Amino acid sequence: MSTSSTQKDTVSTHDGTPQITQQPVQVAKRLEKFKTTIFTQMSMLAIKHGAINLGQGFPNFDGPDFVKEAAIQAIKDGKNQYARGYGVPDFNNALAARFKKDTGLVIDPDKEVTVTSGCTEAIAATMLGLINPGDEVILFAPFYDSYEATLSMAGAKIKCITLRPPDFAVPIDELKSAISKNTRAILINTPHNPTGKMFTREELNTIASLCIENDVLVFMDEVYDKLAFEMDHISMASLPGMYERTVTMNSLGKTFSLTGWKIGWAIAPPHLTWGVRQAHSFLTFATSTPMQWAATVALRAPDSYFEELKRDYMAKKAILVQGLKDVGFKVFPSSGTYFVVVDHTPFGLENDIAFCEYLIKEVGVVAIPTSVFYLNPEDGKNLVRFTFCKDEETLRSAVERMKEKLKKK
């Protein structure tokens, strides 16, 4: 999978004949290592080879009708101009109400909630608004790829703590030794992409104590909070002494199967919200107005919607996990998200990228190589990630292809 890129420039020769030359694409040094994302590459290969895409985490089914109809109505009602920069008031109110229900915390919807273009922008606005060049930020590897890229844009120094199979537990002693006087923040994703790990209350309490002791911020990516299967999701902001130093980031896409709407948000105390909003103002300024009105309706859905969502995903997860075990993978536990990480080494390929290319071209199924989620790719070379945010027929078809064509070596 080549990540190099060129662009064609037309130049004229001495006799005026046009000639096409290859010119390297110019990119700022802080971004030149990132190239095309692995998700784009694998999805393109999936299309080329007619493979079943269990790689990129977007559902192949649609979101609920009551939310889509609310968006259509908002458009018909003329809610189509710029929204207030930090969010449509009704949506901010709905977010504050949901946050209170989930965490018990009462927040000011006008001063502590910022609506963004997906959680990816919430992450970028948080990094760019609160991190100075040279600040240390601690990540847990494997990590979602936008973290490293946006921290590079902010000029941060990244320190990485590796979570290792089978349980991907936090190595507390390693974390303690990584924190220094220059540590500005710790970034946590729970439930965790790509592993499906959920940070335990004990782990979060220990991290909270370290942050209070060392005056460190916490950036929490909680986009999978409603897809918690094995234990209750715990928001760091709800722990004693932590709200004042926590930015909580989330989005609509995962919970309502509307990833293309790109509706996200960041919740933080005013002294942190100010920085987030400064960056947000110059990144996107405002987020889609009619979709915010529809998202307001979504967040006010009855509890039964979220209960049914979890039941549905647990059924999908069971199909994929059992299927992967039957095929011969070593499958690691997934307590949340809609991802499962497996050890591919029983099939004899040299690393995760080689295995995923073979899986697409020869078997017709897409997975994501996890080495792209590590600062040191070697740490992830034995692991690949599958997603089960697909309809049950698609999951069963993918399993059948692997049973038929994927042989241990």
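So, α12 and α13: these two helices are roughly perpendicular to each other, because their axes cross at roughly 95° and anything from 65 to 115 degrees gets that label. This is a predicted model, by the way. Helix α12 covers residues 352–363 and α13 covers residues 392–405, and their axes come within 11 Å. Who's touching whom? On the α12 side you've got Tyr358, Leu359, Glu362 and Val363, and they meet Arg401, Met402 and Lys405 of α13. Sort that contact by class and you get 4 nonpolar residues, 3 charged ones and no polar ones.

Okay, next pair: α4, residues 118–130, and α9, residues 270–283. Here the axes come within 7 Å, and the crossing angle is roughly 115°. These two are therefore roughly perpendicular as well, and α4 passes α9 in a right-handed crossing. The contact list goes like this: α4 puts in Glu121, Ala124, Ala125, Thr126, Leu128, Gly129 and Leu130, while α9 brings Leu272, Gly275, Val276, Ala279, His280 and Leu283. By class, that's 8 nonpolar, 4 polar and 1 charged.

If you're wondering why I keep quoting two numbers per pair, it's because packed helices are described by the angle between their axes and the distance between the axes.

Most peptide bonds are trans, and most residues other than glycine have a negative phi. So where are the exceptions? Pro165 and Pro166 are joined by a cis peptide bond, omega about 10°. Pro166 sits in the loop between β6 (157–162) and α6 (172–178). Then there's Thr190 to Pro191, also cis, with omega near -10°; Pro191 is in the loop between β7 (183–189) and α7 (201–214). And Lys262, not a glycine, has a positive phi of about 55°. You'll find Lys262 in the loop between α8 (253–256) and β10 (264–267).

Zooming out to the whole protein: we've got 13 helices and 15 strands. The C-alpha trace spans about 65 × 55 × 55 Å along its principal axes. How does the radius of gyration look? For 409 residues a compact globule would come out near 22 Å, and the protein has 22 Å, so the two agree.

Last thing, confidence. The average pLDDT is 93, and 94% of the residues score at least 70. The bit to watch is residues 1–18, where pLDDT is below 50. That stretch still has 35 contacts in the model beyond near neighbours in sequence.

Terms used
Residues are numbered from 1 along each chain as its sequence is written. This is a predicted model: local features need pLDDT of at least 70, side-chain atom pairs count only at pLDDT 80 or more; totals for chains, interfaces and linings use all residues. Side-chain values use heavy atoms; hydrogens and water are left out. Axes are lines fitted to C-alpha atoms, for helices over the stretch in contact, and angles run from 0 to 180 degrees between N-to-C directions. Helices (H or I, at least four residues) and strands (E, at least two) are DSSP runs, numbered from the N terminus. Angles under 35 degrees count as roughly parallel, over 145 as roughly antiparallel, 65 to 115 as roughly perpendicular and the rest as oblique. A crossing is left-handed if the near helix is turned anticlockwise from the far one by less than a right angle, and right-handed if clockwise. Contact means heavy atoms within 4.5 Å. Ala, Val, Leu, Ile, Met, Phe, Trp, Tyr, Cys and Pro count as nonpolar, Asp, Glu, Lys and Arg as charged, and the others, Gly among them, as polar. pLDDT is the predictor's confidence in each residue, from 0 to 100. The radius of gyration is taken over C-alpha atoms; the globule rule is 2.2 Å times the number of residues to the power 0.38.
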